[in-house]
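Okay, hi everyone, I've got a few minutes and one structure to walk you through.

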Amino acid sequence: MSIYDVIFYLFAILTIGSGYLVVTSKNIVHSAFYLLFTLFGVAGLYVLLAADFIAIVQLMVYVGGILILLLFGVMLTNKVTDVKIRTGTIHIIPAVIGTGLLMGVIVSMMLRTNWKSEPGELPFTTTYGLGRILLTDYVLVFELLAMLLLIALIGAASIARRDNE
Amino acid sequence: MIEVGLNHYLVVSSILFSLGVYGVVTRKNAVMVLMGLELILNAANINFIAFAKYGNFGLGGQAMALFVIILAAAEAAIALAIVLNLYKTFSNVNVDEIDKLKE
Amino acid sequence: MIGFPILTLITFLPIVGMIIILAMPKDKSIWIKYTALAATGFQVMLAVILLGNYDYSAGGIFQAESFQFIEKFRWIEITGLSWLGTLKVDYFLGIDGLSMPMVLLTALISFIATISSWNINKSVKGYFALFLLLDTGMMGVFVALDLFLFYVFWELMLLPMYFLIGIWGGPRKEYAAIKFFIYTLFGSIFILIVMIGLYFSATEVIAGGERVFTFNMLALMDQANYSVDGILSPFNPHNLRFIAYIALFVGFAIKIPMFPFHTWLPDAHVEAPTPISVILAGVLLKMGTYGILRISYPIFPDITRDLMWYIALFGMINIIYGALVALAQKDFKKLIAYSSVSHMGYVLLGMASLSSTGINGAIFQMFNHGTITAMLFLIVGVLYDRSHTRGLNDFGGLATQMPAYTGFVTVAFFAALGLPSLSGFISEALVFVGAFGVESIRVLTIISMLGILLGAAYILWTLQRIFFGKLNEKWAQLTDIDAREYIMFIPLTVIIIFLGIYPSAMLDIMSTSVNTLVEFVINGANNISISGL
Amino acid sequence: MSEISIINISIIILLLPLVSFVLLIFFGKKFPKLYLAATGVVFVALVLSIAVTFGMLTSYSGETLSFSFTWIDFGNVPSIGFLSIELGFEINNVTALMLFVVNLISALVHLYSIEYMRGDIRYTRYFAYLGIFTFSMLGIVITNNLLMMYIFWELVGLSSYLLIGFWFEKDSASDAGKKAFLVNRVGDIGMWIGILILFTHYKTFTFSTIFEQISLGNLPFDSAAALTTAGILIFLGAVGKSAQFPLHVWLPDAMEGPTPVSALIHAATMVAAGVYLLVKIFVILTADAMLVIAVVGGVTAFVAATIALTQNDIKKVLAYSTVSQLGYMVLAVGVGAYAFAFFHLVTHAFFKACLFLGSGSVIHAMHHEQDIRYMGGLRKKMPLTYYTFLISTLAISGVPLFSGFLSKDGILAGTLAFGSLTGHWLLPIIGFTVAAMTAFYMFRLVIITFHGEPRNKEKYDHAHESKWVMTAPLAVLSLLSIFIFYTPNPISADAGWFLNKWISTPQTVVPAEASFDFMQSGMNKHETGLAQESGIVHSVQYTEAMHHAHYPAMFLSLILAGLGILIAFIFYQWKKVDLEKLTEKLNSLYKFSLNKWYIDEFYHATFISGTIRSADALSWFDYYIIDGIVNASASITRFVSRLSGWFDTFIVDGLVNFSALFSGFIGLSFRRLQTGKVQTYIVFVVFAVLVLLLFFRPF
């Protein structure tokens, strides 16, 4: 068992364990924090997969952006005076069965599939490469996503502001 | 114990995906549903990147992961805006109680 | 010959009128009436043109070349129908001595009925549209020479009749209309079945030399056209010709109406408005007997000859039974309805004789009954319009109150009871002459002659009850007939008297065809029995 | 006059009354004076008929002039050949005389009616009807075929219907008209069947052709029985028209018509038609047929005479006397006294017309009082009427010097001859009895009406002699009742011009085996034809028998007539017998006679109510059974359709509804799944994906 493996398992356990807590925790704030760990774990996995830039982006966008956004959501939708920021659950039994089965099926599917695996050489740092393909091969997607982000920004602002009317 | 390879990542992503689905399905609070969605998206991203590494596809997979993250950001923004609106309309954000779709 | 398709014109002219009427605004009822009058009036003119160009020496019946004013086009043709081969229906019109009197009658009666419809006030547009449609149906039946076409016209006239009785009729109109409709439809089904049976039994050579199944009446009359295995083929040892004949006969008998299928008639007559009664008695009843002469006789000559006695029997029953039941009636219109039953019995008796004089008499009786009974119904209508009752015992002494009316009534009544010098006598006399000449039905003929006496009894009794005696004070305000009614009565009266004195005017038209028919039926029957089947 | 012009003039004579009818019917209202034109027209016809008769009797005596045309042509009829119906006219001596008689009486009746009917509301209409009546009768007279005979026969029926029911406001009048027409129709049906028997065999209606065929031995259906049947059936027509027993019932009722009409009907037109028909078809009557005819005639004469004895209505007495006299004529035909039958027809026409018109004059004077019990003593008030009436009564009673004696005597001689030749002695006995009764009841009528004291003073005082237009016809007619117009010998007509020159009995064409021996001349058929043309009397044997019978018959009839007259005087003039006691003694007989043998009642109870009852029964049958079956089948159909409707609703539709309900149930249960909650849907999606994955097993 190499050090790489050990690190992988650490991050994997971190990711899955905190992911489990995210979905089971009754307190939304706690869940949010567990999500932080999950995202962090995932970022670690990215690093292990030689995706340094993505890992950084993961941390920045998710942890710095989305998670904060979610926390804002929690705060804004639950009255602060109301301590009960716990959330109820539904469909526990069908969900357990369903997702359990789904997990089993997907995992077995993943494992049984004979993936054509031939690890290629990736550059030490991917930032340069990503930048290149983003502005060459994927330039259209890139531009579209930029537009999308803009639209989402405006849209979110407009939806959130609707109450004024 | 076998060496960590593609399958390991895939298993992790599968579990993460299932946990995300579970979260989406079970939680009443809309914000929690969003968190489940984030888990699902992350699971997908793990797959992208894992295949990028082991599938010899160059950096395409990573670029895709990047896009997903961007989408996730956009989605989160919109979704939170909607949640806020929901809250204003129904005074709560419990998805199970918002069943106007039934009619 | 005439350079334009006169039969199509005379048949579909009313439809043109109907379309024009349908295009008119609802409230212009007077224009609608004039349009209908023009349509039927033109029809009469065309009928006169037909008569003017009619060749008295042409026989018709089974020879396509001696039919007149023929129009023949392929109407429906569907080829390649697996075992069916080619399905073809011709638009085949033509007239001979059998149909010419009926065409004249239809045109005349429709025209008179239009005049008589003048005081219809309830949804005039619908009435006249249906009326003209009915007119086309009737005319079509008499000019069609293709069985399919015949059937189409036959059914075509049912529908307007149903509505005309059912909407414009008397208190029990729905009952009467439905009874009429269902009863006649019941008969039509038999006709349809036989028609289809015939279709699959005989073939005809068409232009390409191919033999195809046919609805052509003339082709169906030719025994050479029958295949050996056709179910209605005389060459088929297991043929169903007898049953088919009975079925066809029942189909037509309902229309005549022959005892015991006659009960729709009194109801329909009593409930129908006057012009419709006129049409019903004047033209519709003739379709039954016409159908028998045109279709049953030449197509099934063998069965016709075998069943002669039974046809005569039913003729006799019709005559006596109708007259006796008429004698017991207390409703004027019902009485005349039953007198129709009685008079149509003479037609049956004459036809049953299978002799020229008898069949001449039968066709002449069809025409005369058309004119006379039409007049009788007009008479009832005139009285009913004024008094709103038809009870025979409600009147009395009208002869002094309405002298001109009484004059026309007297002519019509005496024509109905067969007074010589009026047309009814000639036909009845010829029927008796013909039927008496046949030994097998002589006794039936003699019994039938009681009908003359009974006819006189109920008619004179009616005349007495309505017109003679002291004037009932209730009717002191009744006015005599007006100009419009004169216009209705005068042509009929003139025809009745004229044909009574000079019957050749009508008999010459038909005698050649009747001779041809009789010869054809007798020869046909002999041929079939010679061939051993 | 040429042949053609005689025919043409005859046709004009025929058409003139028709012209008068048409004119009056259409223009009578506008020109009320048109009745004068009608009368004029008939007088023109009379003049023309005198010309025709004169021309005929002088130039063509014994010949038959005829003219025919095709009425209906059937063309080449299968199995018969060319067939057509010919109509036509023929004039011979009998026809010509008849033309004259009919026209004369018609003209006189027209003249008479001008006064008699004055003031009637349908005055012109009345003359129109007289016109058509005359026309119809003339048609019967000059026709040469059976079909036209039948046509005009029926037209006479129509005219009598119109005239008898002329005062239709009275129910009795319209009833009488109806009765006359219907009773006549009964006879007509028989006649029509008889005609059909002949036509069916000979394919022609023309008399001469049929006679010729029979004389050649071509019998209908090759049997003498058929010929007998045909003869009797045609005679049935005469039974109806000439009011023979048992169809005589219409005639007395026909007195409801205006009196001049009665004169016309009973003297010249309608009732004469029957006898005229027998005269026409005399040659084809077989022995059996003749016997039937003779018996019917005899019975009629007797029955009517017995009824006439007790009637109190002046017109009823005359009516029954007419029936009785017609019985004589028919009897005469039956016994073979052809010439005397026709002779009596002519003489009777004149004196009976005179009697009727005379009675009309009385009735007119008495303001429409017809019961003789309220009359009496009118002789002084109405001398002209009385004397003419008396002359006619003498004639009808068979008093010498008057026409009736000559003709009746001949008939009685005929019956005697017939009795001696065949042994049927009952016929002469009836004949003589009736002769006595006739004399009695006619003088009873005269005495009660004209002699004695007036019984109704008030009416008597108002009575007065009629105007000349009414009395002139009476004078003319009574004059014609005198022997001199027929024969120079007042006691025997045999040598007179009427019988000797004008009328000759035609030779029968019936084969010897079917006819009386005495009817056969002994000559063969061909010679018979020749004999007929030369006017030779038909049978030597019969003529001889007549001669032998003549004097006995004459004396016997004279005695009997005298006896009858004497009794009448004893009873009514001198009142030597207490009539009331006699009546009481013979009460049942008296009642029987007064009530006309209850024949009307019998008919009412049997035929009429039978017909009406069967009509009602059949009507019930029609309504409840036949129509009932129709309606029942409709109901059954409706029941079945309701049943199938039930089946449809509950079984077929039930299945459909069940499946709908089922799916509804399923839907309801599934509807719970439709919570509207997104998450629930996602659960389903998850399961669905699972199912899909497991199903397709992409691994």
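Predicted model: local features only at pLDDT ≥ 70, side-chain atom pairs only at ≥ 80, totals over all residues.

I'll start with how the chains touch, then go through some local details chain by chain.

Chain A and chain C don't touch, and their nearest C-alpha atoms sit 58 Å apart. Chains B and C have no contact either, with 50 Å between their closest C-alpha atoms.

So let's look at chain A. Its secondary structure is six helices and zero strands. How much of chain A is buried? Of its 165 residues, 30% are. To count as buried here, a residue needs 20 or more other C-beta atoms within 10 Å of its own. Then there's the contact pattern inside chain A: take contacts between residues at least 6 apart in sequence, and 55% of them join residues at least 24 apart.

Have a look at helix α3 of chain A, residues 52–77. It has 26 residues, and at 1.5 Å a residue these should span 38 Å; the end C-alpha atoms are 35 Å apart, which agrees. But where is the kink in this helix centred? On A:Tyr62, and the kink is about 30 degrees. While we're on helices, here's a handy rule: an α-helix has 3.6 residues a turn, so residues three or four places apart point the same way.

Reading from the N terminus, its elements go α-α-α, which is three helices with zero strands. Chain B has 103 residues, and 60% of them count as buried.

Find the loop between α9 (241–255) and α10 (264–271), because that is where C:Pro257 sits. The peptide bond from C:Ile256 into that proline is cis, with omega near -5 degrees. Stay in the loop between α9 and α10, since C:Pro260 is found there as well. A cis peptide bond joins C:Phe259 to C:Pro260, with omega about 0 degrees.

Chain C also has residues with a positive phi that aren't glycine. C:Phe69 has phi near 55 degrees, and you'll find it in strand β1, residues 68–78. Is C:Phe69 buried or exposed? It has 22 other C-beta atoms within 10 Å, so C:Phe69 is buried. Then there's C:Leu354, with a positive phi of about 55 degrees. This leucine is in the loop between α13 (332–352) and α14 (356–387).

Last stop, chain D. Strands β1 (residues 65–77) and β2 (residues 81–91) pair in the antiparallel sense, over eleven bridges. If you want a spot to look at, D:Gly75 stands opposite D:Leu83 in β2(D). Together β1(D) and β2(D) make a hairpin with three residues between them, and D:Ser79 in the turn has a positive phi of about 65 degrees.

Finally, helix α18 of chain D, residues 426–450. It has 25 residues and reaches 36 Å from first C-alpha to last, close to the 36 Å expected at 1.5 Å a residue. Why call it largely enclosed by the rest of the structure? Because 21 of its 25 residues are buried. Just after α18(D) comes D:Gly452, which takes a positive phi of about 70 degrees.

That's my tour, so over to you for questions.

Technical notes: Residues numbered from 1 in each chain as written. Chains lettered and ligands numbered in written order. Helix = DSSP H or I, 4+ residues; strand = E, 2+ residues; numbered from the N terminus. Expected span 1.5 Å × (residues − 1). Buried ≥ 20, exposed ≤ 12 C-beta atoms within 10 Å, placed from the backbone. Contact = placed C-beta atoms within 7 Å. Pairing = 2+ DSSP bridges. Bend = angle between axes of the 7 residues up to and from the residue.
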